[in-house]
Structures are given as C-alpha cells and as structure tokens.
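Visitor: Could you show me the structure, and then walk me through how its parts pack together?

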Amino acid sequence: MVFLEDKNLDMRRYNAPTLCTEVAAIFVGDNGEPPANRDICVYPLGDTCQSISPLNQCCDPMTYPLLFPRGECSWNTGMEHVEERRTAKRTLVTQLQYYAYRLSQRNGFSILHNSGSPRHMQQNYQDAIAVVRKFGKPDLFLTFTCNPSWSEILNSMEGVQRPEDRPDIIRGLPHAHILLTLDSESKIRTKDDIDKFVSAELSDPCTDLRLFQIVTKCMHKCINSPCMRDGQCCKSFPKQFKDDTEENVNGYPIYRRRATEPVQVWKYSIDNRWVVPYNPWLLKKFNAHINVQVCASVKSVKYLYKYLYKGHDAASVKIQKEDALDHDEILSFVEGRYVSAPEAMCRLNEFNLSHKSHTVVRLAVHLPQQQPIVYQDGQEAQAIERAALRKTTLTSWFQLNKNDLSAHNISYSDIPQYYVFDKSTTNWKKRQRGGQNVIGRLPVVSILDTERYYLQMLLLRKSGAISFDDILTVNGLRCITFQQACQEYGLLRGDQQWHDALNDAAQFQSPRQ
C-alpha cells in the first residue's frame, strides 16, 4: 500500500502519515461514512461457506482472536446493562458502550495489550461564523500540540511501552486548534499589544532559563522538521530578521525577530529566524508546543475556520503487489477515510472533537409547506404525515407570536436567546437561564433560490409575524411573492441587495462551497 500525495488534493486532509509506527484504518464510504453492510463469510470444518451477520456475537471472536483469547462471545443485540446502570429508558447496552468498556484500562489491565461528513463540517463552519458575526473576528489562534514527555503520560506507561502505544491516553495528538476572542478591554490594537501577547525570539537564558529550555526544545524549526519538503520549509522558515513588529501584512502580523547570535540545539545552529511564535506564559504553564498567532484581518479568520472545519482525514492510496504485471490500474487506486488510533479512541469514548463557547441554534427558513423531510425508502407517505403534525422552528415562532405578546419585539434570529425550542413538542418555551451564551443562526440561502432568499431577508427585519401571510402583508396590502414584499418595504431600492449579497459572500464564504 502506497500513500499518494497529489497537489490537486486538499493536502490538509490527504497528507500522508509521518510516523511509521502509527496504526490506522482506511475505509471507503460515501462522505466518509463507514460502509453500511459488511459481507462476512466463515468456513466451518467439513462444511461449505456460510455468511453471517456483523451483529452476530461470534463475529468478533473469529475476526479478532487476540482480543477474545478464550473465544468468549462479543456484543449482541440483547445484552442488558447491569442493574446499577439500568434506567427506564436505557436497558440494553449499545455497541459503542460495549467497545468503549472493552478497550478501557481497568486495574492495570487493558484489552488493547500493549491500539463527520462534509455537510456536517460546513454546518459547523457556518455556526462558527455566526459567532464572528455577533462578537467580531477572533483575536488569537493557538495550535496546541500535546507533549508526549509529560510526566502524567510517562508515569502511565508499562514496561517498554511508548506514548504512541497508548491512544487512550494521548488522545488529542497531534494537536488542537483554538480560536480566542478577547473582551473589548483586552483587544490587540497596536504593535506593543502584539509584542505583549506573542514573542518570536529566543529568550535570554540568564533571565529565564526554563523558558529558554522550552523554546529551544519545542518552539523552533530545523532542517529535519516534518514541514521540510526537498530542503524547503512549507511554512517559509527561516523568516527574515525584523527590528519591529508590523501589524498587518496579508492578514497576519510580521513579528519582531531581532538579529542575535545563534545558539546550538543538538547538532543544529538556530537563531530568531527559526523560532515559532509563542506566548511565554502559556509555554511555561504547559511545557508543550503552543503556536500563537494574532488574527489581523477577516481574511485570516476565514482561512482558520475553514482549516478547523476542513473535514475528516482522508487517504489516497495505491494497492500494488511486488512483481505483479497483470494488475488492474483502476481498481488498484483507493480513496477513503483515514481514522487514526487516537481519533478512534476519542469516538469510542464519545469525547467531543470540537467545542464552541456559545451554543448556536440553527433556525429553519422554508417556504409554506416546503419544510425539509427526512425519510427512508418506501416510507415517504408516513414521513409526510408526521411532518404535517410537527412544527418547525419557523412555524412554531408564528405560533409563539400569536400566544405571547412579549415575543413580538424579538426578531426571529434573536428568539433563541429568550426561548428554548422543545423538539419533543416542537414549541418555543420561555428560557430560564443561559440566554447570553446562545446565538440564533439562519441558514445560508443562495440568491438563486429566489423566494426563500427574500423570505430570509424579511425574517431578518420583521418581528412579531404570526404567519406567512402576515409576512407577505405590507401596509394592509397582501403581496403575491416575498420579493414583492421586499420591494414594498423598500429593501430593493437601487443595487443595495446585490451589494449586501456580495459583501456577505466576501466576508463569510470561500471559493470552495
């Protein structure tokens, strides 16, 4: 199996693994989803081939004998929780719970022995941009890489184990990306502010020896760094010496890097040109590689959010057999999802792979009787019947405005700050607490989806509506279309709507959609 690196692919996702000891799985599926069905055949002694279900409790012991050394049965559909973990709603053990239990280390023993779709990512990206719309662009971008030499990790090793042998401990490798928005009193406004938060220089070992040791160990580039390609650094190191910081150059500051005498680090000689920007306090606090960058413009913000929500890891591989001449060149190329051991452990233990400080509520924008419906093949009629009985966030907002006069002065996009949408009853209920950490978001609607686009424009400006007809009514006149209603409100005078659409795309969209 050969990993291919094609410049036409998104190398943030298709980059080949750098560790030869890394254990991972590669599978082919739609939008990164695992295959829905597996064809498993067994050959009993003295009998013909038989197919068994992946849910058969004998499947795992035959597939992974090292994990079931005594041939004991695996999970089955009727496995019950122990009494102390049993609840009225959950009596049976799920597959996820079973495997998380089997792979966990307890009392010194581990069964390991000494191992989201593009649409979902796009929705997460738009959620993050909703936070930017409300609070402005982030101020700092951190890349935090776990240090496998932390004492907490080394103390958990057994025998000749290495950190990469314990994906249950080093979950989080290779790194975490963190975007921080500072409060108004702490905003970065000047070159002096940038220098206060970020340094790109070697510290003085005479005044702060510990910081110097961490910087020379964790925060420098050298000739054998993973980012080196054919002798050139893809991150443009070494940088140029700079006596003073420049605030905004192509979306990022150029940090101060004064000319100093080089220092010897192992067999390499480095100076300030090779130092990765960092924050001294964070570095001494966590003793790890923590790259800190100041976000100088919305251009850098778009890149960072797209990087964070770029999608699952993927691999483009070629399957080849040595000395084979009659191989199928088309079938030998495979493009699939790449799941590393740390990611697998995070998902088995249901750890969050991403987190936002604010809850973003996605609000529906649909035309009358045109709400989206999820259904399975052959059950279209039943799905339509269920949808007719359930309200969306939009139609429920109409009902709220009929029944609650206090909601009339709140726009549709702001309603989640004051009310909670109960999915079981499909009603908006008065929020008791926590509204300051909630943001409502309307979906991105293309101007090519004409009537829905103009409905969204009206929803952003009109509060207290009790029906679609109410939205269509302007000064007592019921308009035929939502576009006509926008014209009656004066929202389409001149070319302002086109300027708004282009500005919105320039600020918050990106070329790949």
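Visitor: Which residues have the most contacts inside the largest nonpolar core?

Guide: This is a predicted model, in which local features need pLDDT of at least 70 and side-chain atom pairs count only at pLDDT 80 or more, while totals for chains, interfaces and linings use all residues. Residues are numbered from 1 along each chain as its sequence is written, and side-chain values use heavy atoms, leaving out hydrogens and water. A nonpolar core is a set of buried Ala, Val, Leu, Ile, Met, Phe, Trp, Tyr and Cys residues joined through side-chain atoms within 4.5 Å, where buried means under 20% relative accessible area with a 1.4 Å probe, protein chains only. The largest one has 32 residues, and those with the most contacts inside it are Trp 397, Ile 415, Trp 428, Leu 455, Leu 459, Ile 471 and Phe 482.

Visitor: Which element gives the largest share of this core?

Guide: Helices (DSSP runs of H or I, at least four residues) and strands (E, at least two) are numbered from the N terminus. Among those supplying at least two residues each are α12 (393-403), β17 (419-422) and α13 (450-459). The largest share, 6 residues, comes from α13.

Visitor: What does Leu 455 touch, not counting residues up to four places away in sequence?

Guide: Contact here means heavy atoms within 4.5 Å. By that rule, Leu 455 touches Val 365, His 366, Leu 367, Phe 468, Ile 471 and Phe 482.

Visitor: Which residues of helix α7 are buried?

Guide: The cover over the buried residues of α7 includes β11 (263-265), α8 (280-286) and β13 (289-294). Within α7 (residues 209-218), the buried ones are Leu 211, Phe 212, Ile 214, Val 215, Thr 216 and Cys 218.

Methods: Buried < 20%, exposed > 50% of the residue type's maximum accessible area, 1.4 Å probe, protein only.
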